[in-house]
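Here are some friendly notes to go with the model. Please have a look at it first, and then read on.

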Amino acid sequence: MTWSVAWFIMFYHHPSDDPGVRPSELELLTTSVHPKAKLPVPWAEIVTSLPVWSVMLANFGSTVFYVVLIMYMPVYLKYTMKVDIADNGFLSMLPPLGQIAVMFTAGRCASLAQAKDWMNVSAIRKVFSCIGMAVPAILLTVATTIPNSYIFYSFIVVSYSLSGSVFSGFRVSQIEMAPNFVAAITALCDIFGSLAMNLTHITFLVIIGDSSDQMAWDEICWCLSVILIVSLVPFVLFGNSKIQSWNTPKKPEIN
């Protein structure tokens, strides 16, 4: 609600309507920046592009991971760990706080790697995607071998925190590969994300239900590990941040 109020107060239809804009900014926005011509979306090329599919699959896997850990960890804390409601809120807050910290740290590291030319952009995206998906998959698997529920939850927190690295990985690649059609690609990724979210809720209810058994949560972690790795592999193999040929429409030849 606070964010919505701030948006309505601070948002302006045109830069010239904003009393806080500097004259130099206004000149840049009104004279130097021009709207792009509307381009026809090359749907055939997009839906048959391996880099696009690799991003969509990675988005599917990471969304399943997010939904389980961010929405159902309070359930684990309450019914399995028997944490009272006062401590539950604080412990449930740790994973997203860790993710935000890693997100900003990974962003700076990725920018540094790109600025120093330590590796090409596609390789940077793959490295940070692996940090945000493969490493959490390993930690989740290890967590299932730990009998102590608090240590188990600590592994969950670290796993979710590291997932912030994907925001310097495949989530940036979907913008870089086709800047002119990023909206179309993002829409397809959101479809996969919504599908992942709904399937996750259904699967969770089937596996967990009203159970407070630690073994059920171990099974959830094994499933998440497999999903993360399976959805990551296509991006490692086919992910590409280079601008795709279909991003720029071909100009008609003049006879």
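1. A definition to start: a salt bridge here is a side-chain nitrogen of Lys or Arg within 4 Å of a carboxyl oxygen of Asp or Glu. The structure holds one, formed by the side chains of Glu-176 and Arg-125 at 2.7 Å, N to O. This pair links distant parts of the chain, 51 residues apart: Glu-176 sits in helix 8 (residues 170-176) and Arg-125 in helix 6 (residues 121-143). Arg-125 is buried, with a relative accessible area of 6%; buried means under 20%, exposed over 50% and partly exposed in between, with a 1.4 Å probe and protein chains only.

2. On provenance, this is a predicted model, in which local features need pLDDT of at least 70 and side-chain atom pairs count only at pLDDT 80 or more, while totals for chains, interfaces and linings use all residues. Residues are numbered from 1 along each chain as its sequence is written, and side-chain values use heavy atoms, with hydrogens and water left out.

3. The protein chain has 10 helices and zero strands, where helices are DSSP runs of H or I of at least four residues and strands are runs of E of at least two, numbered from the N terminus.

4. UniProt, in an unreviewed entry, places "transmembrane region" features at several stretches, including residues 50-72 and 215-238; such annotations may be inferred rather than shown by experiment. Residues 50-72 are 100% helix, with end C-alpha atoms 33 Å apart. Residues 215-238 are also 100% helix, and there the end C-alpha atoms are 36 Å apart.

5. Of the 255 residues in the protein chain, 39% are buried.
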